[in-house]
Amino acid sequence: MPETVILVGATLKTQTPDPHSLEELKRLAETAGAQTAAVYSVRLEAYNPATLIGTGKLKEIAAACETCRADAVIFDDEITPAQQKNLEEILPAKVLDRTRLILDIFASRARTQEGKLQVELAQLNYLLPRLSGRGAAMMQQKGGIGMRGPGERKLEYDRRRLRARITRLEKEIDQVKRERALRRQRRSSVPLPQIALIGYTNAGKSTLLNALANTSAVYADDKLFATLDPTTRRVPMRGGGQMLFTDTVGFIQKLPHALVSAFRATLEETAFADVLLHIHDASSPLRESQSRTVRQILTDLRIPQLPVIDVMNKTDLLPAPRLRALKEQYPRALFISAQNKQGLTQLMAAVEKALQKKWKVYTLSLRADQAGLLGQIYMRCLVLHRSTLPDGGLQLRVMATEGNHSHLTAQLTKA
């Protein structure tokens, strides 16, 4: 049976409230398996440092908890450890904030060992400052001067245990980073262009990857954070050869800093791509704010400037007049429906055109006595076509970076 929750958003009266933020919080709660009983949007003259919102509104929420038998109250903004402690004394339900909710969703979605380590690290960093005063077993009773009660010793023990676990996790994640760097180095030794799919959560990145790779192996669902761990698939090019497409974790507004830090290693894969596909949910009324969120997080992660192709997905959900207006608004964007596999040919053409800034098409001719250089060519180039010449030599049409092409040309000239 799903848990029943009450959602609370707080906004200063000097600011414009964002109703979509609470709607997104509701979707997050549904993703976590909860059922929303009531939503409160509170306007404040100033935030209460002790309880975030005023006591009068808290009493009203407490009464609603009793009426609908709510299991938890979820705040849209991050609450401090002190505020959480005070709120739990007033409200007859668990108290969570947006950060904790997202962490719980990530914990349920992590599949790889790396993802599980990163989620656990973020959870422990979130939990550590919130340990004090958590229940009778951790009560901070002091005996006298220079003496400590059993509750405080238990609290200090738990803190030490958490810090030790955090240290171990950080070491394990560092090891994962080194292993990821080795895998990346091995991938770079195989000359395949790399494309990263980025975008807001539930924009359709996994569905698009399945459509391009002609598979259903990547889990895709109409939920926030349906997939968490990055997935890479080979996609055939129109003129021969293959590309690597990587589906990355979706972004979201108010993404917890702990998660940005913990998943930096995962998102760093984006920095090594040749092209970024920014997938937008064309049917979302929050498309523009979602796009700003994605760009801001990429800036925060210090992702270098790479070629970016804007892809408007879910066009099948738009009425014809709205679609025409959107195309006029974004004339350089591509419009597709990954679900219906519409517009994918134009998308692949645009990707291959963007790749030409770094991966160019060359023709290499080898004499019959230069066949020994084929190994180097296959290591440094993506061979699109190979044909035998009348004199026994070979002619290859390849994609390669300028550096690799110059190296191979020099080798062919010497031989």
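Rings of Phe, Tyr and Trp (its six-membered ring) pair if their centres lie within 6.5 Å; planes under 30 degrees apart count as stacked, over 60 as edge-to-face and the rest as tilted. By this rule, zero aromatic pairs are counted. The model is predicted: local features need pLDDT of at least 70, side-chain atom pairs count only at pLDDT 80 or more, and totals for chains, interfaces and linings use all residues. Residues are numbered from 1 along each chain as its sequence is written, and side-chain values use heavy atoms, with hydrogens and water left out.

Charges over rings are listed below (NZ of Lys or CZ of Arg within 6 Å of the ring centre and within 35 degrees of the ring normal).

| Charged residue | Ring | Distance from ring centre |
|---|---|---|
| R130 | Y126 | 3.8 Å |
| K327 | F335 | 5.8 Å |

Helices (H or I, at least four residues) and strands (E, at least two) are DSSP runs, numbered from the N terminus; strands pair if DSSP finds at least two bridges between them. Four strands form an open, parallel sheet in the order β2-β1-β3-β4, with β2 (34-44) and β4 (94-97) at the edges. Strand β1 (residues 3-12) pairs with β2 over 10 bridges, and E3 stands opposite A34 in β2.

The axes of helix α1 (residues 19-31) and helix α4 (residues 98-109) come within 10 Å and cross at roughly 35°; axes are lines fitted to C-alpha atoms over the stretch in contact, with angles from 0 to 180 degrees between N-to-C directions. Contact (heavy atoms within 4.5 Å) involves residues including L25 and L28 of α1 and L101 and I105 of α4.
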